[in-house]
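Here is my note on the model below.

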Amino acid sequence: MHIEVQTGRGRMDIIITHNQQKHIIETKIWRGESRYQASKKQLAAYLRVEGVTEGYYIVFDHREEPEPREETETIEGLTIRSYVIPVMQEAPSNVQNTAGSQ
């Protein structure tokens with residue numbers, strides 16, 4: 001497994017090589033629909049450079065009302081499997097300090 005691999009088009013987040021096959025994973029934090037779509041094209045470019053036909057796009061959604069998604073689509077002849085994962089956690093300012101209250 002290789003993390004933050006430098007390529008001619010930037011840095012790929014994760015490349016896993018298993019049984020002589022590369023698996024490329026791009027990760028992001030939700031920053032809006034337009035960035036979500038643009039990053040799929042970024043992943044497609046990485047796949048082309050590496051000679052891989054399928055990649056994975058994982059997006060962590062920290063919004064108050066996150067929307068989970070699971071999509072598979074073809075971009076420029078390459079398969080992109082996208083997953084938007086809701087991250088449900090309280091903001092640090094909303095968590096009470098219980099260590100000193102006893």
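**Notes on charge pairs and core**

1. Glu-71 is partly exposed, at 26% relative accessibility. The scale: buried is under 20% relative accessible area, exposed is over 50%, and partly exposed lies in between, with a 1.4 Å probe and protein chains only. Keep in mind that this is a predicted model, where local features need pLDDT of at least 70, side-chain atom pairs count only at pLDDT 80 or more, and totals for chains, interfaces and linings use all residues. Residues are numbered from 1 along each chain as its sequence is written, and side-chain values use heavy atoms, with hydrogens and water left out.

2. What does Glu-71 form a salt bridge with? The partner is Lys-40, with the closest N and O atoms 2.9 Å apart. A salt bridge here is a side-chain nitrogen of Lys or Arg within 4 Å of a carboxyl oxygen of Asp or Glu. Glu-71 sits in strand S5 (residues 69-75) and Lys-40 in helix H1, so the pair ties together parts 31 residues apart in sequence. Helices (H or I, at least four residues) and strands (E, at least two) are DSSP runs, numbered from the N terminus.

3. Lys-40 itself is buried, at 1% relative accessibility. Lys-40 also forms a salt bridge with Glu-73, and here the closest N and O atoms are 2.4 Å apart. Glu-73 lies in strand S5 and Lys-40 in helix H1, so this pair links parts that are 33 residues apart in sequence. Glu-73 is partly exposed, with a relative accessible area of 25%. Through shared partners, Lys-40, Glu-71 and Glu-73 join into one salt-bridge network.

4. By this rule the salt bridges number eight. One of them pairs the side chains of Glu-26 and Lys-28, at 3.3 Å from N to O. Glu-26 is buried, at 1% relative accessibility. Lys-28 is partly exposed, at 26% relative accessible area.

5. Now the core. A nonpolar core is a set of buried Ala, Val, Leu, Ile, Met, Phe, Trp, Tyr and Cys residues joined through side-chain atoms within 4.5 Å. The largest one has 14 residues, and Ile-24, Tyr-36, Leu-43, Leu-47, Tyr-57, Val-59 and Ile-80 touch the most other members. Helix H1 (33-50), strand S4 (54-61) and strand S6 (78-86) each give two or more residues to this core. H1 supplies the largest share, four residues.

6. Val-59 deserves a look. Leaving aside neighbours within four places in sequence, Val-59 is in contact with Lys-28, Ile-29, Trp-30, Tyr-36, Tyr-83, Val-84 and Ile-85. Contact means heavy atoms within 4.5 Å.
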